[in-house]
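I'm opening my notebook on a new structure today. I'll jot down what I look up as I go.

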Amino acid sequence: MGIPYSQKVIEHFVNPRNVGKIENPDAKATEGSPACGDMVRIYLKIDEKTKRIEDIKFESYGCASNIATASITTELAKGKTIDEAKKITWKEAADALGGLPPVKVHCAVLAVDALKTAIENYENQHGLIVNKKPTDEKKVRERLEHVIDPRTGLDVIRSKLVQEIDVKDGIVTIKVDMEKEHQFAGNVESELKERIEPLWDVKEVRVVFNKS
Amino acid sequence: MNYVYLDNGASTRVDPIVLKEMIKYMDEVYGVASSQFSHQPGIMARDSLEKAREIIKAGLNIREGELVFTSGGTEANNMAIKGVAFKSEKRRKILVSGVEHYSVLHSARSLETHGFEVITIPVDGDGVIDLEWLEKNIDDNTLLVSVQHSNHEVGTVQPIEEIVKFAKRVGAIVHTDAAYSFGWIPIDVEKLGVDLLTITGHKIHGPKGIGGLYIKKGTPIKKWMDGGYNEFDMRGGTENIPGAVGMAKAFELMTEEEVERVRSMRDYLKEKLLSIEDTHLNGSEKNRHPANLNVTFDYIEGESVVLHLDMRGIGVITGSACFSRSLEPSHILMAMGKTHEHAHGSVRYSFGRFNKKEELDYVFEQTEVVVRKLREMSPLKGGK
């Protein structure tokens with residue numbers, strides 16, 4: 001049987017393409033968390049006129065599939081317009097790698113999700129949202145389902161870390177069941193903000209911790 | 001360079017001396033170990049089995065009739081825990097530590113459906129059980145306490161004699177899984193004071209498929225496997241004589257000098273690896289198995305480390321979720337109160353007698369390169 005990874009996965013794992021950071025990116029997004037063992041961050045440089053992805057870089061904390069799927073996703077996206085890149089599916093990424101072991105499919109989902117979220121962030125910030133629906137509690141909740149509670153490895157909605165969401169006049173207030181002194185408090189605050197701040201009509205995100 | 005195998009905590013290469021010895025018991029002395037009134041081949045087989053038993057008994061200070069051969073450590077753990085439980089009429093409480101091998105944890109948990117209460121003994125950050133907790137929680141309903149002698153993943157050695165002290169006060173039985181300690185750490189069952197002790201053959205360059213359970217005389221335990229009257233009528237089934245002979249031979253080869261040689265190799269690599277920035281030792285520094293090294297490299301994930309090292313000809317394992325069949329991080333590191341991240345970044349280097357000092361500089365250099373490479377692409381490096 002041998003090693004459960006295709007040659008292509010191993011090749012991208014050993015020599016990942018487009019690794020690193022982009023300083024002052026036009027958009028970025030992080031998916032996953034170190035708590036669940038997989039985390040990927042994607043940075044984009046987008047041509048303002050053509051809306052083409054000029055440069056894309058990724059960072060990964062994760063297993064071989066995580067690195068390989070992020071690498072192939074950046075290859076697939078580079079040079080495409082954001083509308084084209086949005087349509088890349090995890091299946092395409094996995095196929096381009098010659099398949100993935102079933103238990104590792106979520107790695108491909110993560111990488112492709114990070115690309116999509118980064119593009120969505122860009123669209124929000126550049127007035128490109130076609131149906132400009134105002135941000136509501138539901139939208140915030142949907143986005144927060146991608147943030148992982150570092151204590152449990154579950155998302156912050158499922159783990160009930162997020163207790164209340166309030167949206168009013170562009171100010172999103174998120175009440176969390178954690179004390180401000182908790183070792184992960186800073187982490188949680190910045191991840192929640194990173195996830196909500198890009199939304200087009202959000203002016204400010206306030207994270208409210210428990211009183212100790 | 002030849003492949004550098006550093007997963008001896010999982011299993012070891014059979015020593016050629018052991019192998020040579022074993023073959024004789026497959027192609028020359030192949031009878032079954034039957035009674036003294038049997039034919040010559042049967043008597044020869046029985047004598048060789050008993051000779052193997054003698055060697056191990058002498059090494060562990062076990063008395064006549066107190067060592068039963070099994071198919072390995074897992075069977076011995078099943079036998080000890082379930083055998084004691086199914087013999088018990090009154091007591092219903094079983095205490096096990098959270099860092100036990102699955103064969104202990106799952107054996108204990110399987111008894112919950114039979115009316116037993118299984119309680120986990122907490123451990124500290126090094127994996128050492130909380131003796132104060134044990135003293136408070138052990139009572140006259142406690143049937144059995146099962147705590148491993150040393151941990152196969154992080155190497156921590158447990159204070160078994162202290163556990164026995166508390167258990168004796170309330171009349172509880174003590175089992176210790178010494179599968180990883182056997183041959184590596186001196187064991188005297190009388191001194192330890194335990195009632196049951198598990199050993200295995202394949203972590204000391206002996207064969208797989210052989211192990212044993214020490215059962216102190218008078219310990220109430222149900223016969224494990226029905227069959228003939230083999231093994232003092234405790235376990236039916238034709239005895240694995242090549243296995244027993246191999247295990248005994250391997251045990252003899254685990255001399256003090258050999259263990260010290262391995263320990264010094266381990267210490268050498270330990271110093272080197274801990275010189276890498278943001279690297280932490282897992283398990284007890286002081287009370288530690290001589291052949292175990294387990295470290296966490298911050299900011300990176302272990303499966304990537306393992307794969308990269310494998311491609312460079314080095315075999316190690318990790319406690320990361322991405323590496324496990326269950327996609328759960330190491331239950332041992334989690335029981336020790338470590339974060340998921342800490343478990344994901346853990347890598348175990350476990351030594352054996354066939355490792356060479358010359359290999360270790362290569363192992364260190366390659367590890368350093370791989371850790372640096374992975375940290376360079378990690379979003380966690382550099383704080384946040």
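I started with B:Glu54, which is partly exposed at 40% relative accessibility. I keep in mind that this is a predicted model. The side chain of B:Glu54 meets that of B:Lys57 in a salt bridge, 2.9 Å from N to O. B:Lys57 itself counts as buried, at 4% relative accessibility.

I checked helix H6 (residues 160–170) of chain B next. There B:Lys165 and B:Glu162 are three residues apart, so again about one helical turn lies between them. Their side chains form a salt bridge of 3.5 Å, N to O. B:Lys165 is partly exposed at 47%, and B:Glu162 is partly exposed at 31%. I also noted a network: B:Asp15, B:Glu258, B:Arg261 and B:Arg353 are joined by salt bridges that share partners. Over all chains the structure holds 40 salt bridges.

**The largest pocket**

How much space lies in the largest pocket? I found about 1,100 Å³. It is lined by 37 residues, and the closest to its centre are B:His101, B:Tyr102, B:His152, B:Glu153 and B:Ile317. Which element gives the most to the lining? It is H3 of chain B, with three residues. Helix H4 (102–110), strand S12 (317–318) and helix H12 (331–335) of chain B are among those that supply at least two residues each.

B:Ala80 is buried, with 0% relative accessible area. B:Val104 is 24 residues away from B:Ala80 in sequence, and their C-alpha atoms are 9.1 Å apart.

**Surface and chain A**

B:Leu19, B:Ile23 and B:Met26 make a nonpolar surface patch of about 280 Å². B:Leu19 belongs to helix H1 (residues 16–27) of chain B and is partly exposed, at 42%.

For chain A, an unreviewed UniProt entry lists residues 5–125 as "domain: NIF system FeS cluster assembly NifU N-terminal". Over residues 5–125, chain A is 45% helix and 21% strand, and the end C-alpha atoms are 39 Å apart.

Technical notes. Residues are numbered from 1 along each chain as its sequence is written. Chains are lettered from A and ligands numbered from 1 in the order in which they are written. This is a predicted model: local features need pLDDT of at least 70, side-chain atom pairs count only at pLDDT 80 or more; totals for chains, interfaces and linings use all residues. Side-chain values use heavy atoms; hydrogens and water are left out. UniProt positions are given in the numbering used here, feature names are shortened, and annotations may be inferred rather than shown by experiment. Helices (H or I, at least four residues) and strands (E, at least two) are DSSP runs, numbered from the N terminus. Patches are made of residues with over 30% relative accessible area and no salt bridge: like charges are joined within 9 Å, nonpolar side chains (Val, Leu, Ile, Met, Phe, Trp, Tyr) within 5 Å. Accessible areas come from the Shrake-Rupley method with a 1.4 Å probe; for residues, only the protein chains shown count as cover. A salt bridge is a side-chain nitrogen of Lys or Arg within 4 Å of a carboxyl oxygen of Asp or Glu. Buried means under 20% relative accessible area, exposed over 50%, partly exposed in between (1.4 Å probe, protein chains only). On a 1 Å grid over the protein atoms alone, a cavity is a set of points where a 1.4 Å probe fits but cannot get out, and a pocket is an open set with protein on both sides within 12 Å along at least five of seven lines; lining residues have an atom within 4 Å of a point. Grid points are joined across faces, edges and corners, and a volume is the space filled by probe spheres set on the points.
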